[in-house]
Amino acid sequence: MQTDILIIGAGVVGCALARDLSRYTAGITVLEAAADVAEGASKANSGIVHAGFDAHAGSVKAHYNVRGAEMYPSYCAELGVPYRQNGALVLAFSPEDRSTIEALYRQGLDNGVKGLRILERDEILTLEPLTNAQVVCALLAETSGLVSPYELTFALADHAAVNGVQFQLDTPVTAVRREDSGWTVATPRGEWHCRILINCAGASSAWIHNQMTGREEHHIVNRRGQYWILDHASPLPFRHTMFQCPTKMGKGVLVAPTVHGNVLLGPTAEDIDDPLDTATTAQGLDDVLQACRLTWPQVNVRTAVTNFSGIRAHEEKGDFIIGAVQGCKHAYETVGVESPGLTSAPAIAAELSALIAAAEELAKKDSWVQAKPLPKPFNEMTPQEQAAACAQDPLNGRLICRCEVVTEAEIRRAIRRPVGARSIDGVKRRTRAGMGRCQGGFCAPRVAEILSEELQLPMTQLTKNGGDSLLVTSTLVQAMKEAQTK
Ligand SMILES: Cc1cc2nc3c(=O)[nH]c(=O)nc-3n(C[C@H](O)[C@H](O)[C@H](O)COP(=O)(O)OP(=O)(O)OC[C@H]3O[C@@H](n4cnc5c(N)ncnc54)[C@H](O)[C@@H]3O)c2cc1C
């Protein structure tokens, strides 16, 4: 199979880059190992648009973080993705913490972050009354925001697809070979030949780099972060994202609202061997809870709806590696894009696509289709808007997910999107069906029926989340026949 540009990895970075490169006249294909886009770090993170004070001044991270955060409001508006600028507080509980806060403030100014201020105890408790009263001072970052990371990635993938980008899911790259005319990439579904190869493979990005160059130059440490997520039925304890002082392992544990009104507690920072081991552990979740008590002494996880974990792709040298691959023609990469990679993705894509277009002499297309945001979710409509939506399409009147108020029309639309849902979790992340209190206990069978109808697949071929996560292994008739022949 042949393509001009091949991107490895359909996380937020690969999808943002594919979308920006789709402005140029070139055939673009994205190869993704998983069964859906946004299955790596881009589905399981804190969803914070970081203001940019905690990346070291002069680092690649600082550059992309600050520029990315500035792009977010208009970027999300263009794509129709929920984004909210709620501001963040970094709390200090000791004189040493105060020094850290002052250092972060100065670093933020050096990085060009606007809206930074140091607050004293009384002002913090007025702003956020549930904060631990032992707090000494805090750094306020007004430009910090919230986004749904996977909804952003889906919107970018859809926009890339309507502009001609091909997505090949379930297609892990197993080897990369340099040729005179470009690159050959091996997968279990056959070989791909391309002129320009771009590595956006997250946790595998160092491995792909080392394959490309034939040198062991980069090494990724898999740093897992575990979370609790609380139901949005209870009032939010804090309006701001509440950080503690960072440690050498990362930004520390936070208590944060999500863009959909849940509360997020976490993450841990544990170095593990397996880049796919997104298990949660009793120890990890207990560590999160203990750490959160410092910020929010009354924290209570009785309203928890689920736990999850994500894996940061931490490159040993500690910074993002972005640009042309040194010593390789027609090769580009984004290696070690750990936090603040979600924040940085729009800026990485904008700058890297411009660099590639200039170096590879790509011509701009005459016409490029603008993003078409999804209609307002049914659960955010006024009663009048809901009545009008039901009159227009009766499937809006059929509630499938009671907890999150998701309609049959929305589920069918999610499956029919340009890069549509193919599994129960694919529907969940595109519509929120199954994200509520019952975690899909009521709606999953109905979602499976709709998936089966839309995809024209028997129930026995549907999965929870790709691979071998089958929902139904056999029909009753088959099972009875098998029992009789035993
Ligand atoms: C716990 C945690 C909290 C975080 N919090 C924040 C935050 O609040 N704010 C922020 O800005 N950033 C945050 N981040 C960082 C952010 O999530 C990442 O920087 C970002 O998602 C990276 O996107 P990506 O596209 O580079 O990687 P990924 O999303 O991991 O995508 C890489 C893709 O490549 C695919 N792939 C891998 N190997 C192959 C192969 N051989 N063949 C084909 N495909 C392959 C993977 O399946 C994956 O889909 C956090 C990360 C974690 C883990």
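Predicted model: local features only at pLDDT ≥ 70, side-chain atom pairs only at ≥ 80, totals over all residues.
**Entry 1: Arg 215**

I counted 11 C-beta neighbours inside 10 Å, so Arg 215 counts as exposed. I then looked up where Arg 215 sits: in the loop between helix H6 (205–213) and strand E13 (220–230).

**Entry 2: domains**

I looked up the division of the chain. Domain 1 takes 1–81 + 146–218 + 316–373, domain 2 takes 82–145 + 221–312, and domain 3 takes 378–477. Next I took domain 2 against domain 3. Their centres, over C-alpha atoms, are separated by 32 Å. I found five residues of domain 2 in contact with four residues of domain 3. On the domain 2 side of that contact I noted two nonpolar residues, two polar and one charged.

**Entry 3: the ligand shell**

Which residues come nearest to the ligand? Of the 40 residues around it, I noted Gly 11, Gly 40, Gly 202, Gly 225 and Gly 341 as nearest. H1, strand E18 (304–315) and H8 are the elements that give two or more residues to this shell. I sorted the shell by class: 19 residues are nonpolar, 17 polar and four charged. Why does the ligand lie between domain 1 and domain 2? Both domains give residues to the shell, so the ligand lies between them.

**Entry 4: H1 against H8**

I went on to the pair H1 (residues 12–21) and H8 (residues 341–359). Their axes come within 8 Å and cross at roughly 35 degrees. The crossing is right-handed. I listed the contact residues. From H1 they include Val 12, Val 13, Ala 16 and Leu 17. From H8 they include Gly 341, Leu 342, Ala 345 and Pro 346. By class, this contact has 13 nonpolar, two polar and two charged residues.

**Entry 5: H11**

Is helix H11 (residues 424–431) mostly covered or uncovered? I found it mostly covered, with eight of its eight residues buried. The buried residues include Ile 424 and Val 427. Asp 425, Lys 428, Arg 429 and Arg 430 are also among them. I looked for what covers them. The cover includes helix H5 (149–162), strand E22 (406–407), helix H10 (408–416) and helix H12 (444–455). Last, I checked what follows H11. Arg 432 comes after the helix, and its phi is positive, near 80 degrees.

Definitions and conventions:
Residues numbered from 1 in each chain as written. Axes fitted to C-alpha atoms, helices over the stretch in contact; angles between N-to-C directions. Helix = DSSP H or I, 4+ residues; strand = E, 2+ residues; numbered from the N terminus. Left-handed = near helix turned anticlockwise from the far one by under 90°. Contact = placed C-beta atoms within 7 Å. Nonpolar A, V, L, I, M, F, W, Y, C, P; charged D, E, K, R; others polar. Domains from an automatic or database assignment. Near = placed C-beta within 6 Å. Buried ≥ 20, exposed ≤ 12 C-beta atoms within 10 Å, placed from the backbone.
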